[in-house]
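Please look at the structure below and ask what lies behind the words used to describe it.

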Amino acid sequence: MYSDLVNIVLPKIQAYWSQLLQVNQAIGNLTFARTCTSIWGNGVCAAVLPTETCGAITINPKYLAATQVCASSSTSGCNTLAGGPGVSGDIVIFTSAQAGASGAPCGPGSSTIAYASPCILSSNDRPVAGLLNFCPGVLTNLYGRLNGTTPQAPNSYNNLISVVVHEMTHILAYSSSLFAFYRDENGNPRTPRSSNGQPPQDSTGAYIASPNTTLITTTERGYTVQKIILPNVLARARAQFGCPTLNGVEIEHAGSSGTAGSHPTSRLWPFDYMAGALHTGASIDMNAVTLAHFQDSGWYQVNYDLAINSRFGYSAGCDFAMKPCLNTPAGTALAIPTDPNSFCNSTTGSIVCVNQRTASGVCGVFTGQTIPSLYRYFTPVYGSPTGDGMGGSDPLMDYCPFLSTAAYSSSTTGDCRFTMNSLNAQQSQALETPTWIHPLTSRGLLLSGHLSSQRNPVLGPRWI
Ligand SMILES: [Zn+2]
């Protein structure tokens, strides 16, 4: 299983990245400096770590650069630790499939598929090494469905591809730990450096990206949000929403510490490949807005021809981007979506085509939930005693109900791209045979017929 992932899946994705991105600063063979644990006053290294690691991975010495260590004084007891040949390339991704302890991302009971982080930066702060760890329990489940006979199999494969592309994006550029290291188009730091050459840090040691160039903190809809104000990210988001006054591109505020801060907010980008949760059965978008992070990092050029932009919220205006997803005008009891093609208020369970045009679906309104008061959009008119427990099911989406995929049986999804999800295979609504190459290129068509909706939550596993 793991070898298939490394030998088959990762090379496909490597080829994909080479089409999508060009690295601005080419470098020769990659080698990584050893970490000096103490330094003499003249900057000479006095001691190094016995082994270098990237996460839980021990880095093979062949990747390490030669390093002079002077143990006795800044000029005596000197010894040069041999370096390895390094590797030709722009980045090294160390992969593993390690479970974690209880409470850890891959720990028992966790639904996390994988996690990733950059671990070594180049001299211009571009990540040149990173860790990608798959959670073995969830991976086994996904892989079983890949090889199994269940109808979701092809889509599971797409999901697995998406997971890897998603996680690698965290390593390459899109991570809260990297925002403060972004460079402008001239190669200068967007966040001014402290005297130690690093960006400023908060009390927890986290690097703080500049509010003048990169990330602002503001209050909207009654809670604190962070917004990206990078030039290309913001320009493309304004175009996407048709909101020329948009003041920033919102980052996920909900979820665990691994989810909040390092993803586009699911409320506006539920189908983006960098959303913090996978909405199964839906198309997965490679939005130009998200890809613009690579450009605005200063480290890459982006081939925007490969972007697949979201229909969710397209041209829906500033209210969609900044106001609550449903609003109830004074004197009425009707919760009205800011964009009826994306958010919804219907409780009838009628089958519709989801906004992505790739799946049958319903308006995902559920009852009996525990919803924070901030996210209660419904009133008693909708049949709930108070309306308090009625709404969408995803906390990452502020409990906003949206047109989400629905199946006609428990063993299928509503995904139109796969014939096995058709009510009648002889009258297939699928447009083409499945392809496991991501990004997804097929677009389904509107389903007709009489499907009994199964209004189950459509959230898939979460990743971080
Ligand atoms: Zn993530």
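The questions and answers that follow take up a helix pair and a sheet.

This is a predicted model, in which local features need pLDDT of at least 70, side-chain atom pairs count only at pLDDT 80 or more, and totals for chains, interfaces and linings use all residues. Residues are numbered from 1 along each chain as its sequence is written.

Q: Why is α4 called roughly antiparallel to α5?
A: Helix α4 (residues 231-241) and helix α5 (residues 288-296) pack at an angle of about 165°, with their axes 7 Å apart. Angles over 145 degrees count as roughly antiparallel, under 35 as roughly parallel, 65 to 115 as roughly perpendicular and the rest as oblique, and α4 is therefore roughly antiparallel to α5.

Q: Which residues of α4 and α5 make the contact?
A: Two residues are in contact if their C-beta atoms, placed from the backbone, lie within 7 Å; among those that make the contact are Pro 231 and Val 233 of α4 and Ala 292 and His 293 of α5.

Q: What makes β11 and β13 edge strands?
A: Two strands pair if DSSP finds at least two bridges between them, and in the open sheet, with the order β11-β12-β13 and antiparallel pairing, β11 (215-220) and β13 (249-250) each pair on one side only.

Terms used. Axes fitted to C-alpha atoms, helices over the stretch in contact; angles between N-to-C directions. Helix = DSSP H or I, 4+ residues; strand = E, 2+ residues; numbered from the N terminus.
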